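Please keep the sequence and the structure open while you read.

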Amino acid sequence: MYPIIVKAIDWVNGRVRWLNTNLLPHQEVYEESDNHEHVARAIEGMEIRGAPAIGVAAALAVAAAVVNASTERVDELRSIALKAIERLSRTRPTAYNLFWALERIKSVVLIQYVDAESFRKAVVEEALKIYREDIETNIRIGEIGEKLINDDDVILTHCNAGALATSAFGTALAVIRVAWYKGKKIRVIATETRPLLQGARLTVWELKKEGIPVTLITDNMVGYVMYKGLVNKVIVGADRILLDGHVINKIGTYTIAIAAKRHGIPFYVAAPTSTIDVKSKLSDVKIEERSVDEVKRVLNKVLITVEDVEALNPAFDITSPDLVTGIVTEKGIVTPPYLENIRKILIS
Ligand code: MRU
């Protein structure tokens, strides 16, 4: 099969293990914890990031909380699990996989159990199922999406929808990986992705590790590289997809989609069906606003503007369905009309 070069999230002896993505590309440091509060802070602080990774880590954190609790009473274990679920659900508001994963764990937590052992076993099994399914799903997305890629394609991607945003393998980068492993001669253009530089720090690191040719650009070069004909496909990930095809993803995605449309470049989104939010309307979606220090400083350190300037820091934007050529899921590629075709793929 395909090599798994990095496991951003893992489960080791009843503890959650994660690669601290804040320290990349300079340091490869793995953290471990059996404490859900520690994992919640790692998600808030972006050590763990990317919608599927957040969901898997949160599910495993609830499992770690019940495995390591000292009580043998089922009601007490249930209360510990529900508190952990509630805390973890408040970490990041936009990534739908977080709520999807915690909902799955919650439905297992609420079943009646004869003893603490069967309770713990059920919660751990569900969390591990979510974790393993994530890797299998990503490989499937790669295999399905690879068919869209041709020899000599230059593919632009934004932020990091790679192994570092999932348990392993990635979504948008899964498509690129499978195409590469199948011998297609492709190149990638990665946008740096201000303010937290996930493209420059993470996407470039991942692709270089596997020898996949990648060129880094700043976010404001997208229009120019498209105008010059240096890109012929765009593939990005998603934090949330609505039934009508609206795609919520890293800030800057919308601008790229508009530029792609202007230049007749296909714009694809690669995401598991667990990113599809069938309940919310656009007006229900909360776009995370992060600290403006992330904008005013480079990587929260060097101040690059006037200290007291007002700034904005929405972490995500919304791309309307008319700009999206297709959505690659583990069940197939969905094309417009989205309302009809997303419904169809979900029940297939
Ligand atoms: O703020 P981040 O780094 O968590 O944002 C990540 C993204 O926007 C990704 O594109 C998205 O989560 C898909 S990851 C497979």
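## A loop between two helices

Met 46 is found in the loop between helix 1 (36-44) and helix 2 (51-67). Helices here are DSSP runs of H or I with at least four residues, strands are runs of E with at least two, and both are numbered from the N terminus. The phi angle of Met 46 is positive, about 75 degrees, although this residue is not a glycine. Is Met 46 buried or exposed? Met 46 is buried, with a relative accessible area of 4%; buried means under 20%, exposed means over 50%, and partly exposed is in between, using a 1.4 Å probe and protein chains only.

Before going further, a word on the source: this is a predicted model, in which local features need pLDDT of at least 70, side-chain atom pairs count only at pLDDT 80 or more, and totals for chains, interfaces and linings use all residues. Residues are numbered from 1 along each chain as its sequence is written, and side-chain values use heavy atoms, with hydrogens and water left out.

Leu 197 is a residue other than glycine whose phi is positive, near 60 degrees. You will find Leu 197 in the loop between strand 5 (187-191) and helix 7 (198-210). Leu 197 is buried, at a relative accessible area of 12%.

Two prolines deserve a look as well. The peptide bond from Leu 24 to Pro 25 is cis, with omega near 5 degrees, and Pro 25 lies in the loop between strand 2 (15-19) and strand 3 (30-33). A cis peptide bond also joins Pro 336 and Pro 337, where omega is about 0 degrees. Pro 337 belongs to the loop between strand 16 (332-334) and helix 11 (338-347).

## Around the ligand

How many residues surround the ligand? There are 17, and the closest are Ala 51, Arg 92, Asp 239, Asn 249 and Lys 250; a residue is counted when one of its heavy atoms lies within 4 Å of the molecule. By class, this shell has 8 nonpolar, 5 polar and 4 charged residues. In that scheme Ala, Val, Leu, Ile, Met, Phe, Trp, Tyr, Cys and Pro count as nonpolar, Asp, Glu, Lys and Arg as charged, and the others, Gly among them, as polar. Helix 2 and strand 9 (247-250) each supply at least two residues of the shell.

Now for the atoms that face one another. An N or O atom in the side chain of Lys 250 is 2.7 Å from an oxygen atom of the ligand. For the side chain of Gln 198, the distance from an N or O atom to a ligand oxygen is 2.9 Å. Gly 50 takes part through its backbone, with an N or O atom 2.9 Å from an oxygen atom of the ligand. Taken alone the ligand exposes 420 Å², and the protein buries 99% of that; these areas come from the Shrake-Rupley method with a 1.4 Å probe.

## Side chains that meet

Asp 277 is found in strand 11 (residues 276-277) and counts as buried at 1% relative accessibility. Its side chain is joined to that of Ser 280 by a polar contact of 2.5 Å. A polar contact is a pair of N or O atoms within 3.5 Å; within protein, one must be able to donate a hydrogen and the other to accept it, and residues adjacent in sequence count only if both atoms are side-chain atoms.

Glu 146 lies in the loop between helix 5 and strand 4 (154-157). Glu 146 is buried too, with a relative accessible area of 6%, and its side chain makes a polar contact of 2.4 Å with the side chain of Lys 184.

## Apart in sequence

Leu 128 sits in helix 5 (residues 116-145) and is buried at 14% relative accessibility. Leu 128 and Leu 60 are 68 residues apart in sequence, and their C-alpha atoms are 7.2 Å apart in space.

Ile 105, in helix 4 (residues 96-109), is buried with a relative accessible area of 0%. Its C-alpha atom is separated by 6.5 Å from that of Glu 126, 21 residues away along the chain.
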